Amino acid sequence: MPEIPTKVTINLDKFYCVDPHETKGSDGGGDDLYIKYVVNGGGFDQRYPDGNSSYDNVNVGESWDLNYPIEFSDSLVVSLYDVDSTSKNDFLGSTTYHPGDDLTTPRIFTTKYSEYKLHAHWAG
Ligand SMILES: [Ca+2]
Ligand SMILES: [Ca+2]
């Protein structure tokens, strides 16, 4: 018999900024963050915060405390972006979660210029 998928809820706690993608600029640097995520391999991205908003100006040693729960049953892909007003938004990395994953260590998101750590825990 096929396994009946069980729904799980992950709580995305925070992105800790080890190294921002933007280290200088008119606003003093720091990234303007949002995530896109795909639940169970579905064909479309969801965005948080939604619309065109972002969590602004995260710099070295600072965190985006998003505290955002997401329910899924098979897989969850989370991608991090930095908003840029004068060029294409920067992709800062992604990770994939599956039910039962060990979440004791944060997931690392890196590019050539940046590093973030995503802390999360299983809710419920
Ligand atoms: Ca940028
Ligand atoms: Ca930016």
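Mentor: Two residues count as being in contact when their C-beta atoms, placed from the backbone, lie within 7 Å of each other. Keep in mind that this is a predicted model.

Trainee: Which residues does I35 touch, apart from those up to four places away in sequence?

Mentor: With those left out, I35 touches Y48, V78, S79 and L80. I35 itself sits in strand β2.

Trainee: Is I35 buried or exposed?

Mentor: The general idea is a count of neighbours: a residue is buried if 20 or more other C-beta atoms lie within 10 Å of its own. I35 has 24 other C-beta atoms within 10 Å, so I35 is buried. For the chain as a whole, buried residues make up 25% of the 124 residues.

Trainee: How many helices and strands are there in the chain?

Mentor: The chain has ten strands and zero helices. Read from the N terminus, the order of elements is β-β-β-β-β-β-β-β-β-β. The radius of gyration is 15 Å, close to the 14 Å that the globule rule gives for 124 residues, so the chain is as compact as a globular protein of that length. Along the principal axes, the C-alpha atoms fill a box of roughly 60 × 30 × 25 Å.

Trainee: Of the contacts between residues at least 6 apart in sequence, how many join residues at least 24 apart?

Mentor: In this chain, 62% of those contacts do. I35 and T110 are 75 residues apart along the chain, and their C-alpha atoms are separated by 14 Å. F109 and K14 are 95 residues apart in sequence, with 12 Å from C-alpha to C-alpha.

Trainee: Which residues have the most contacts inside the largest nonpolar core?

Mentor: In soluble globular proteins, nonpolar side chains tend to be buried together. Here the largest nonpolar core has 22 residues, and F15, L80, Y116 and L118 have the most contacts inside it. At least two residues of this core come from each of β1 (8-19), β2 (31-39), β7 (76-82), β8 (90-97) and β10 (115-122). Take Y116: leaving aside neighbours within four places in sequence, Y116 is in contact with F15, Y16, C17, V18, L80, L92 and F109.

Trainee: Where is F109 found, and in which strand?

Mentor: F109 is in strand β9, residues 107-110. F109 has 20 other C-beta atoms within 10 Å, and therefore counts as buried. Beyond the residues up to four places away in sequence, F109 touches L80, L92, G93, T95, Y116 and L118.

Trainee: How many bridges join β9 to β10, and do the strands run parallel or antiparallel?

Mentor: There are four bridges, and the two strands run antiparallel. β9 and β10 form a hairpin, with four residues between them. Across the pair, T110 stands opposite E115 in β10.

Trainee: Which residue other than glycine has a phi near 60°?

Mentor: That is N57, whose phi is positive at near 60°. N57 is placed in strand β4, and with 16 other C-beta atoms within 10 Å, N57 is partly exposed. N67 is also not a glycine, and has a positive phi of about 45°. N67 lies in the loop between β5 (63-64) and β6 (68-72).

Trainee: Why does N67 count as exposed?

Mentor: N67 counts as exposed because it has 9 C-beta neighbours inside 10 Å. Apart from neighbours within four places in sequence, N67 is in contact with N11 and D13. The C-alpha atoms of N67 and G29 are separated by 24 Å, and the two residues are 38 apart along the chain.

Trainee: Is the peptide bond from Y48 to P49 cis or trans?

Mentor: The bond from Y48 to P49 is cis, with omega near -10°. P49 belongs to the loop between β3 (46-48) and β4 (55-58).

Notes:
Residues numbered from 1 in each chain as written. Chains lettered and ligands numbered in written order. Predicted model: local features only at pLDDT ≥ 70, side-chain atom pairs only at ≥ 80, totals over all residues. Rg over C-alpha atoms; globule rule 2.2 N^0.38 Å. Buried ≥ 20, exposed ≤ 12 C-beta atoms within 10 Å, placed from the backbone. Core = buried A, V, L, I, M, F, W, Y, C linked by C-beta atoms within 7 Å. Pairing = 2+ DSSP bridges.
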